[in-house]
Amino acid sequence: MYSGSMVALVTPMHEDGALDDDSLRKLIEFHISEGTDAIVAVGTTGESATLSVEEHCGVIRKVVEQVNGRIPVLAGTGANSTSEAIELTEYAKDLGADAALLVAPYYNKPTQEGMYLHFKAIAEAVDIPQILYNVPGRTASDLLPETVGRLSEIRNILGIKEASGDVSRVQQIRQLATEDFELYTGEDANTVDFILAGGCGVISVTANVAPRLMHDMCMAAINGDEEKAREINQKLVALHQFLFVEANPIPVKWALAEMGMIPKGIRLPMTVLSEKYHQSVREALITAGVLN
């Protein structure tokens, strides 16, 4: 259903932490004009952990309204409480999102059976396409390929954002999952390898600042043009590295502010990018051609 470069959109904020609706609309138009293939609203890059439920649903609604059907909108609706994840997913469906992105339960470290039952319960409760999200470095819960294979048999679970960093999981999951199950990487740095191994695309942080390059790179890889994909990726290597020098989304929000796209707002306990990294991120933006 989805492929290419899907941006894990930041949530713009004023310096006092209040949400910035004008910048949100500006970002959406930027992505549509630059070829982004889908927008993920209020994923973990969108600071879902520090938005209230009202704010969370409000951002989804505003993104859906501004996009107005031009590209797909995926709503981040994961939680470490199954009932809360169901509630957020119901809101996303009612607000008109095309699909839900559900991060593996974080902090409470459920068993594989617990994660299977968690995602199964959400899928059965809300009839909307759903994408699993495995990011063990942030959640301390690794959704293993065997569990993904079981979940792929549930009708409305259509794919997974796999952010373990292990490209070999593409083939592991392919062998265990249903034939039409879709795989997206959550690691910008391995996007080309992941797609060439059989993935469908990336849910990307880098695409926040370099959407056209990420789209073109993904399309080249999907079309089997490895040489072109790797050539484009060379312009992005520094961004893939330096957008993660501090916890996401600290560097990418600073980068977007440097580009004049959003204010410098970010919510505690996240802080503005440390000054010692400013020049490295700025140079990565210049190398990618998105900052003069």
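**Ground rules**

I am working with a predicted model, in which local features need pLDDT of at least 70 and side-chain atom pairs count only at pLDDT 80 or more, while totals for chains, interfaces and linings use all residues. Residues are numbered from 1 along each chain as its sequence is written, and side-chain values use heavy atoms, with hydrogens and water left out.

**Overall fold**

I looked up the secondary structure and found twelve helices and eight strands in the chain; helices (H or I, at least four residues) and strands (E, at least two) are DSSP runs, numbered from the N terminus. The chain has a radius of gyration of 18 Å, close to the 19 Å given by the globule rule for 292 residues, so it is as compact as a globular protein of that length. For this I took the radius over C-alpha atoms, and the globule rule as 2.2 Å times the number of residues to the power 0.38. Along the principal axes, the C-alpha atoms fill a box of roughly 50 × 45 × 35 Å.

**Burial**

I noted that 55% of the 292 residues count as buried, where buried means under 20% relative accessible area, exposed over 50%, and partly exposed in between (1.4 Å probe, protein chains only). Threonine 89, in helix α3, is buried because its relative accessible area is 0%. Alanine 163 sits in the loop between β6 (157-162) and α7 (169-176), and its relative accessible area of 6% is why alanine 163 counts as buried.

**Salt bridges**

I then turned to the 14 salt bridges that the structure holds, each being a side-chain nitrogen of Lys or Arg within 4 Å of a carboxyl oxygen of Asp or Glu.

Glutamate 47 pairs with lysine 253, their closest N and O atoms lying 2.5 Å apart. This pair links distant parts of the chain, 206 residues apart, with glutamate 47 in the loop between β2 (38-41) and α2 (53-67) and lysine 253 in helix α11 (residues 250-258). Are these two residues, glutamate 47 and lysine 253, buried or exposed? Both are buried.

Arginine 150 and glutamate 113 form another salt bridge, at 2.9 Å from N to O, and this pair joins helix α6 (residues 145-151) to helix α4 (residues 112-125) across 37 residues of sequence. Arginine 150 is partly exposed because its relative accessible area is 35%, and glutamate 113 is likewise partly exposed, at 39%.

Glutamate 226 and arginine 230 also meet in a salt bridge (2.9 Å, N to O), but here both residues belong to helix α10 (residues 226-242), four residues apart, which is about one turn of the helix. I found glutamate 226 partly exposed at 38% relative accessible area, and arginine 230 partly exposed at 34%.

I also recorded a network of salt bridges that links Asp142, Glu162 and Arg169.

**A negative patch**

Which residues gather in a patch of negative charge on the surface? They are Glu84, Glu87, Glu90 and Asp94. Patch members have over 30% relative accessible area and no salt bridge, with like charges joined within 9 Å. Glutamate 87 is placed in helix α3 (residues 82-95), and with a relative accessible area of 36%, glutamate 87 is partly exposed.

Terms used:
Patch = residues over 30% accessible without salt bridge, like charges linked within 9 Å, V, L, I, M, F, W, Y side chains within 5 Å. Areas by Shrake-Rupley, 256 points an atom, 1.4 Å probe, with all protein chains shown as cover. Lys, Arg positive; Asp, Glu negative; His and termini not counted. Charge placed at Lys NZ, Arg CZ, Asp CG, Glu CD.
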